[in-house]
Amino acid sequence: MISLRDIRKVYLSDNSRVDAIRGVSLEIGEGEICGIIGFSGAGKSTLVRCINLLENPTSGKIFVGNQELTALSPKELREARKNIGMIFQHFNLMQSKTVSKNIAYPLKGSGLSKEQIKKRVSELLELVGLSDKANNYPTQLSGGQKQRVAIARALANNPKVLLCDEATSALDPQTTQSILSLLKDINKKLGLTIVIITHEMHVVKEICDNVAVMENGNIVEHGDLIQIFTKP
Ligand code: ADP
Ligand code: ADP
């Protein structure tokens, strides 16, 4: 579903150069939950932001589905990005909009009628278990509820892929559990491919099929959980 081929990312400024990604190739299968772990600064966030071209790689090719994203025009890329949802550590919700409006936002300009958008938003609210919070504002929600709203918003356009950048790092252990089971649920129900960046080993052990370990801009290990965690 996702294929990264020899990705490099160099951040250049006047007097410094950071080689954030140093030639990474990675294949992630359809319906797979792939964890990316590593210390802070290893390049996890940069790599995952390359998958939807939020970050433009310095070189290398990125395929999602059968499409090479790195070969698309800006207009084609905007369309292709609808296949890739993303959630973040700090949720990134619009504070001045209700839960429903936040979730409906990505459906603007989709050609759906008001009625169809309403219907889609209620389906999404139900999927994440927040039907009773439709008219609340983000400030009235707990961290876990905010992340559920962010998940619903990320899924609005029915993406094939969900990218999660430290999505549980701001949550307490119990809330983390409930978000992880929601993600697992969605993975099973919708066949969604999920990429999870985390520095928390238990998150990976809990729900990932495969894991890639990053160090200093490289993937130093990649395989299934048993393979990675039983190495001498
Ligand atoms: P991780 O997600 O594993 O913590 P990052 O991908 O955030 O790692 O960062 C990898 C390296 O790239 C770090 O050295 C970081 O400081 C650097 N970096 C990330 N984003 C930028 C940027 N926009 N400009 C310059 N350097 C950056
Ligand atoms: P995270 O903890 O999620 O990896 P960071 O604090 O590393 O986030 O980075 C937050 C933002 O700052 C990101 O957009 C990243 O690209 C940018 N960033 C990280 N390191 C640098 C850097 N050395 N110079 C400029 N921007 C950076």
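**Conventions.** Because the model is predicted, local features need pLDDT of at least 70 and side-chain atom pairs count only at pLDDT 80 or more, while totals for chains, interfaces and linings use all residues. Residues are numbered from 1 along each chain as its sequence is written, chains are lettered from A and ligands numbered from 1 in the order in which they are written, and side-chain values use heavy atoms, with hydrogens and water left out.

**Entry 1, six-stranded sheet.** I took helices (H or I, at least four residues) and strands (E, at least two) as DSSP runs, numbered from the N terminus. I counted two strands as paired if DSSP finds at least two bridges between them. On that basis I read an open sheet of six strands in the order β6-β7-β8-β3-β9-β10, with mixed pairing. Its edge strands are β6 (84–88) and β10 (218–224), each pairing on one side only. For angles I used axes, lines fitted to C-alpha atoms, for helices over the stretch in contact; angles run from 0 to 180 degrees between N-to-C directions. Neighbouring strands of this sheet are turned by 15 degrees against each other on average, direction ignored.

I then looked at the β10 end. Strand β9 (residues 210–215) pairs with β10 in the antiparallel sense over six bridges. Within that pair, Asn210 stands opposite Asp224 in β10.

**Entry 2, four-stranded sheet.** I found a second open sheet, of four strands, ordered β2-β1-β4-β5 with antiparallel pairing. Here β2 and β5 (67–68) are the edge strands, and each pairs on one side only. Strands β1 (residues 2–13) and β2 (residues 16–28) run antiparallel and are joined by ten bridges. The hairpin from β1 to β2 passes through two residues, and Leu12 stands opposite Arg17 in β2. Strand β4 (residues 59–64) is joined to β5 by two bridges, again antiparallel; Phe63 has Glu68 in β5 as its bridge partner.

I took contact as heavy atoms within 4.5 Å. Helix α1 (residues 44–51) lies across β3 (33–37), β6, β7 (161–165), β8 (193–198), β9 and β10, at about 155 degrees to β8. Helix α5 (residues 143–154) packs on the sheet and touches β6 and β7, its direction making about 165 degrees with that of β6. I also noted that α1 lies across β1, β2 and β4, at about 120 degrees to β1.

I located Asn92 in the loop between β6 and α3 (99–104). Asn92 counts as partly exposed because its relative accessibility is 42%, where buried means under 20%, exposed over 50% and partly exposed in between (1.4 Å probe, protein chains only). Asn92 and Gln147 are 55 residues apart in sequence but 9.1 Å apart in space, C-alpha to C-alpha.

I listed residues with a heavy atom within 4 Å of the ligand; among them are Tyr11, Val18, Ala20, Phe39 and Lys44. The largest share of the shell, three residues, comes from α1, and β2 and α1 each supply at least two residues.

A backbone N or O atom lies 2.7 Å from a ligand oxygen in Gly41 and 3.1 Å in Ala42. A polar backbone atom of Ser45 is 2.7 Å from an oxygen atom of ligand 1. The protein covers 58% of the 560 Å² of accessible area that ligand 1 has on its own (Shrake-Rupley method, 1.4 Å probe).

Key
A polar contact is a pair of N or O atoms within 3.5 Å; within protein, one must be able to donate a hydrogen and the other to accept it, and residues adjacent in sequence count only if both atoms are side-chain atoms.
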